[in-house]
Structure formats: structure tokens, C-alpha cells
Amino acid sequence: MKENQTYDRKSLRSVYGKTADFDEIAKDCVAFANREGGHLAIGIEDDQELPDPSQRISDALKETVVKRINERTINVALVPNIIRMENGGEYLDLEVLRSAVSIASTTKGGYFIRDNDESKPIAPDELLRAITDKPSFSWETKVTLKYKIDQCDKEKLENLIEKIRSSDRVSAFVKSMTTEETLEYYSLVGDDGYLTNLGVLWLGTQPQRARLLYSPTVQFIRYDAGGNKVFKQVWDDYALNPDELLTAIWNSVPDWRESNEVSDGLWRKEIPAYDEKVVRETLCNAIAHRPYTTRGDVFINIYPDRMEVVNPGRLPLGVTPENILRTTVKRNKELSRLFYALHIMEGEGSGYDLMYETQLSLGKSIPVVKEGEDSVSVTIERKIISKEASRIYDYLQYAYPEVISHQKAMIAFGLILQEEIIASETLSRKLQLPEADRLRSYVDILCTKNIVLTRGRGKGTKYYVNPYIISNSRANIRTTLKTIEPYRLKELILQDLKYHPKSLVSEMSERLPDVSFTELQKQVRKMASNGEVLFEGGRKYRRYSLP
């Protein structure tokens, strides 16, 4: 198992003998506790998947590790277990429970949070935000209104139980539970028999939900080209639970069923203005991940060229617009679990992947996430950037079914197709990957199948779509010089200097606008050093001519 947001490996040397570093172990435990919890596998080396076959963990060592960590941490709860693997070796599995109410820290005053496979310090200006945001993570399981289950809306209860028992995302074990056990399993009812906040939100009557702070209210506003409001609809009567609310919003907004026509050979193909999967996932995120301890409406703003969904509250600590594609923090974990079971939203960490893949397959730009002082907005563009993208995706679905099912690869392919040619560092940045080597999981299958070709090596690697793919898909892609081969670029430069001697590279670039200035400059300088072209003047204002 790879190290990630909830799992880390540590050598046995980190807790034993002179090399023991319990301060480092304590830091990782604090980071896990402040995120989603996690497991420290103590006794497995970083480059190994299993412990040494002869390795044994004593009860005394287990107790020592727990004692040393407890001495160095505050608000950290541990569950230690000695695990024996199939090769006979043992390691200490240290489960760190999530700190649901308070902020965990070291006794030295250090605050850390888990970010992918690293434990990072919480900046001083983020600490107050972390403290004030913490109650929102436990809101759904608290009981603030004393309503028994027999006081709920019976129709909503019956509908929920029926949907759970018919869902293919719910195990047979859960389906066999009684109604009371099912409600407890999904945290809709507390140990005392009262409805939790989540239970009131989902099963309560209209007056009960109205008393709940803060039930979601949604405003839909349509604007004209001048930014003037032309239509408004509000859902603020608290009559609907989250599932019903999302359905009502989707059915009430005709803008989402509009489409754009593009040519497809002899036929016309309709591309939705806003794809249903993208709209539903955006709305689900707004309902499922908002802080319910913060007052504020969800705004759905429709403009002639875009849709914006604005949510009250900021992103959870550790999540930013720059890492939202690879970092997952569930503010309302039980609500998200219920949404997933009922097929209302995608699973953990796959919602934005789905939105990226869908938008790119339709030839549109990816969603844009912005974080304000007290809100988060997601913008979905209506405009189609590449009308031929959907045709190419259709061809891949027919010719490469094993690739089309690889979501990461299709996201990378869509970005490469839009850019025509893209450097590995730029592609990694667009995919929000912290290290270039992680790009392999996105592009390896594309390169292996020759769907995408490469140029250059290492950090200078560039990716572009194989012309064979474009030709076979019969896509009417505009011819460009961005992907021109070096030897062809060389001939183009010689031809240009034949007609325009004593030219600056900048002047040549104006006549060859599709060619990257950097690539052009690199090729001209290489030709000058080989004597294939002559130059005069300084390095900055150097003019080139044929010999």
C-alpha cells in the first residue's frame, strides 16, 4: 500500500534504540488526528511493502511507543495492534483516531495536518480558522433538537429505507438490517434514540427542519448579458430533504437542458450546455460539503456564458483550489456517505475527477474553483473550446475501450488535446500533482498505446496527440505548427530566412505564430552553433541569415 493521506510507513529504528525519534512519530500522529485519522505502520521500511520475515514486535515495545507518543501529544487517541503478515513478519499498526472536536498538537505547541503523504505544519494564520471550523465536522452527528424517530416524516423515512435496500452500493449486510439499525448505521439516530442533526435534515418534517440551524436554502438567479437579474427562484421553506431539494432544483431550471449543435459528418450532434453529471456533482458538493454551522444561502448564478455555484463558508483546512483534485476532506462525512449510497454523488475523491473528465470530453474548459473570505465558488463554462473533442473521444471509446475506462488517462488526454502540445511540468500543474513522477499514472497507458506521443526527455518532455488518432477519428482539427517535428522546423527556419534575411528571432516568431517562441529560439541557436545559419550583433539583438 502506498503512503497517502491516511497511511504512512516507519522503520522500526524510529522507535527503537539510539535512532528512535518519537518527536517525528508524534508529529505524524498529530497530523493524522487533525485530518481524517490514519494508520502508522511501524516496522515496514519506506521501500518495502512487508516487514522482515524474522521481525517480531513485543507487547513491551507496543506499550512503550504508545506511552512516548502520549507524553508528546495533546488530543491524540491511539489504538495499537501487532499485525502478523503472510510472510511471517510482524509490525506495529498504530491507528490514530480523528480528533472530531478539538485540535490536536504536540506538547511543544506544534500543530500539523496531513496533506497527501506528508505531515505539514499549520501556519499561525490558519490555526484560528482550524479551531473555528472544527465544530462543523461533528455537526451532523449531534442531537440539538429532541425529536424521536416516531415524530419524523413517515413518507421520507419509507422512501429512504426503500432506496437504501435497492441500492447496488449498499452491502447485503446493511440491507438486512432493521429500520432502526439502518438509521443508527447512517448516523440518523443517536444512541439516546433522538434524531441527530442529519436525521432531522433528512427525515424531519417541515417545521422540524426549519428549527434546525442551519438547514440549506438555495437561490437560483439568472442574469442577462449586462449583469442584470432577469429571473429568481428560491427554495427556502425547508419542506425538502437534501435528496428532494437537489431533484427539485434540477427539474426547475430549464437552462440545464439547453444544448449546442455541432456538425458530425452528415448529421448534427447535440452537446449539452451544462452536462447533467457536472451540474449534479457541483450541487451535491455545495450541499454535502458546506459548513452547517455557518449561516448563508447557496447561490446558483446563471449567466449567458457560464454557471456559478457559490457556497457559504471556506474550503476545509488543507484543501485549496490548487489541490482540490487530489485532496479529499469530508466536512460532513455521514451525509456524504448517505449521498454515495443513494447514487446522488460520486465516491470519495472522484467527484472533481468526473467533472474534469466530462467537461474535457465535451471540448469544454475544466471547472474553476475560487475561494473568497467567506465563500467558495465553482464556475462551469458553457462555451465549447474544441467542437471536435467529442468526436475524438467517441473514436477512443470504440478503438481503445481499455483506455476510455481509465479516468486519469482521459483527463490527461483532454488537457493535452486542448493545449495541442504541453510540457510535463505544465501538465503536472494542471493536474495539481506535486511531483512530476506522479504524472506517470496519468500518461503511461496513453504513451504505451501510442495515443499520445512525446518529445524530449526528463523535465523537458512534451506530450501531444498522435496525428493517427486525429486522422482515424475524422476530426476536423485545425492544422497547427505547435507539434512540428524539429527537422521540419529546421527547414521552415531556412525557408523563412531565405525570404527574410537578417531577422531577429522575435520577427521570425511573428511570421510563425503557431511555433513556440522557446522552441524556435532553441532551434535557431542550435543551427547557429552548427554553422547552418550566420548571425551578427549581440546575444539579445542577434540577427540571423543564411550562409
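# Reading helices, strands and their contacts

Tutor: Let's start with helix 15 (residues 407-419), which lies across strands 17, 18 and 19 and runs at about 85 degrees to strand 19. Helices (H or I, at least four residues) and strands (E, at least two) are DSSP runs numbered from the N terminus. Angles run from 0 to 180 degrees between N-to-C directions, with axes fitted as lines to C-alpha atoms, for helices over the stretch in contact. Contact means heavy atoms within 4.5 Å.

Student: What kind of model and numbering am I looking at?

Tutor: This is a predicted model, in which local features need pLDDT of at least 70 and side-chain atom pairs count only at pLDDT 80 or more, while totals for chains, interfaces and linings use all residues. Residues are numbered from 1 along each chain as its sequence is written, and side-chain values use heavy atoms, with hydrogens and water left out.

Student: In what order do the 3 strands of the open sheet come?

Tutor: Strands of a sheet pair through backbone hydrogen bonds, either parallel or antiparallel. Two strands count as paired if DSSP finds at least two bridges between them. Here the order is 17-19-18, and the pairing is antiparallel. Strand 17 (421-423) and strand 18 (452-455) are the edge strands, each pairing on one side only. On average, neighbouring strands of this sheet are turned by 25 degrees against each other, direction ignored.

Student: How many bridges join strand 17 to strand 19?

Tutor: There are 3 bridges between strand 17 and strand 19 (residues 462-465), which run antiparallel. Isoleucine 422 has tyrosine 463 in strand 19 as its bridge partner.

Student: Why is strand 9 described as largely enclosed?

Tutor: Buried means under 20% relative accessible area, exposed means over 50%, and partly exposed is in between (1.4 Å probe, protein chains only). In strand 9 (residues 218-223), 5 of the 6 residues are buried, so the rest of the structure largely encloses this strand. Strand 9 runs parallel to strand 13 (residues 298-302), and 5 bridges join the two; arginine 222 stands opposite isoleucine 302 in strand 13. Strand 9 also runs antiparallel to strand 10 (residues 229-235), with 6 bridges joining them. Across that pairing, phenylalanine 220 stands opposite glutamine 233. The hairpin of strands 9 and 10 has 5 residues between the strands, and glycine 227 there takes a positive phi near 85 degrees.

Student: Which residues cover the two faces of strand 7?

Tutor: Phe112 and Arg114 are on one side of strand 7 (residues 112-115), with Ile113 and Asp115 on the other, and all of them are buried. Strand 7 runs antiparallel to strand 8 (residues 118-121), and 4 bridges join them. Aspartate 115 has glutamate 118 in strand 8 as its bridge partner. Their hairpin has 2 residues between the strands, and asparagine 116 in it has a positive phi near 60 degrees.

Student: How do the axes of helix 9 and helix 10 cross?

Tutor: Two packed helices are described by the angle between their axes and the distance between the axes. The axes of helix 9 (residues 242-252) and helix 10 (residues 276-288) come within 11 Å and cross at roughly 140 degrees. That makes helix 9 oblique to helix 10. Angles under 35 degrees count as roughly parallel, over 145 as roughly antiparallel, 65 to 115 as roughly perpendicular, and the rest as oblique. Helix 9 passes helix 10 in a right-handed crossing. A crossing is left-handed if the near helix is turned anticlockwise from the far one by less than a right angle, and right-handed if clockwise. The contact residues divide into 9 nonpolar, no polar and 2 charged. Here Ala, Val, Leu, Ile, Met, Phe, Trp, Tyr, Cys and Pro count as nonpolar, Asp, Glu, Lys and Arg as charged, and the others, Gly among them, as polar.

Student: How are helix 10 and helix 12 arranged?

Tutor: Their axes come within 9 Å and cross at roughly 155 degrees. Helix 10 and helix 12 are therefore roughly antiparallel to each other, and their crossing is left-handed. Residues in this contact divide into 4 nonpolar, 5 polar and 2 charged. Helix 12 (residues 351-361) is mostly covered, with 11 of its 11 residues buried. Glycine 363 follows helix 12 and has a positive phi, near 80 degrees.

Student: Is arginine 165 buried or partly exposed?

Tutor: Arginine 165 is partly exposed, with a relative accessible area of 37%. Arginine 165 sits in helix 4 (residues 154-166). Not counting residues up to four places away in sequence, arginine 165 touches Lys175, Met177, Thr178 and Thr179.
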